[in-house]
Amino acid sequence: MSPEVKPDFLISPEGLRLDGRRPDELRPIELKVGVLKQADGSASIKQGKTYIIAAAYGPRELHPKHLTLNDRAYLRVVYRMATFSVPDRKRPAPSRREREISMVIANALKPSLFLEEFPRTVVDVFIQVIQADGGTRCAAINAASLALADAGIPMRCLVPSVAVGKADGVLIVDLGDEEDKYGEGDVPMAILPTTNDITLLQQDGSFTREDLMEAMQSGLQACKYIHELQKDALKRAFGSRSPDDGGGDDDFDDDLETDLGESEIAGEDE
Ligand code: CDP
């Protein structure tokens, strides 16, 4: 495979991005709920070329026991990238980056869940990145929140997430991989749409205060749009599924190998 070459520009003279999008335009997003037979809840997301599957289990008995929380369920999130998900083969061992992203995803989702209703149990969320093309932590949150809803975990609301950033001095929404790598910076965010509470806010690169405020406003609007797509996906799933067929989308549930070990556990800040 030829090495990736830094593009001459990220915003064309016509004001368009490398993939032809306008600065404030999101990638096409396809959400599906109930894509795995074995999981209590599941969802997939295709956001541009980024493709992720999330599976949720629980509330169920927690092992190892010493992680037990007496006043709430433990939300355990494992984010993993398939070895074939990136241009250079990703090493199969869990990386620091995967552990960090697992933790920030758990922290982004936790405020939406009534975990206190299930003390001494665990709610597991396994996230597998099948193909990464930027914005995987945000796309993972979009899918994981749907998987948790599909599993029937009581929640205040779904959690939509998107990254906003800057490329060639222009504010852009929903960064692709090259924009992420070669742009001036990015700000992944997630919100609770019912209250506008922000549950994820990270910053890579430097922004002026004004740029950051403007970026967050655009992110908020984009999250509200994604929230509508999430609700539509749930409606589609529950409108078309009989309660006892366990869901399952025959397109791609059987061959999926989610080799998720216990070692890359994240989710509690202690
Ligand atoms: O995916 P996200 O933007 O949330 O996280 P990141 O750590 O900022 O990574 C940005 C992008 O770099 C990912 O989405 C992947 O497309 C790419 N990446 C990669 O090519 N190889 C890796 N081992 C990790 C990330």
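An oxygen atom of the ligand is 2.8 Å from an N or O atom in the side chain of arginine 137, a polar contact (a pair of N or O atoms within 3.5 Å). Keep in mind that this is a predicted model, where local features need pLDDT of at least 70, side-chain atom pairs count only at pLDDT 80 or more, and totals for chains, interfaces and linings use all residues. Residues are numbered from 1 along each chain as its sequence is written, and side-chain values use heavy atoms, with hydrogens and water left out.

**Around the ligand**

**Rings**
- There's one aromatic pair in the structure (ring centres of Phe, Tyr or the six-membered ring of Trp within 6.5 Å; planes under 30 degrees apart are stacked, over 60 edge-to-face, the rest tilted).
- Tyrosine 57 and phenylalanine 126 make up this edge-to-face pair, at 5.8 Å centre to centre and 65° between the planes.
- Tyrosine 57 is in strand S3 (residues 50-61) and phenylalanine 126 in strand S5 (residues 121-131), so the pair ties together parts 69 residues apart in sequence; strands are DSSP runs of E, at least two residues, and helices are runs of H or I, at least four, numbered from the N terminus.
- Both tyrosine 57 and phenylalanine 126 are buried (under 20% relative accessible area, with exposed over 50% and partly exposed in between; 1.4 Å probe, protein chains only).

**Helix H1**
- Buried residues of H1 include Ile101, Val104, Ile105 and Leu109.

How values were computed
A polar contact is a pair of N or O atoms within 3.5 Å; within protein, one must be able to donate a hydrogen and the other to accept it, and residues adjacent in sequence count only if both atoms are side-chain atoms.
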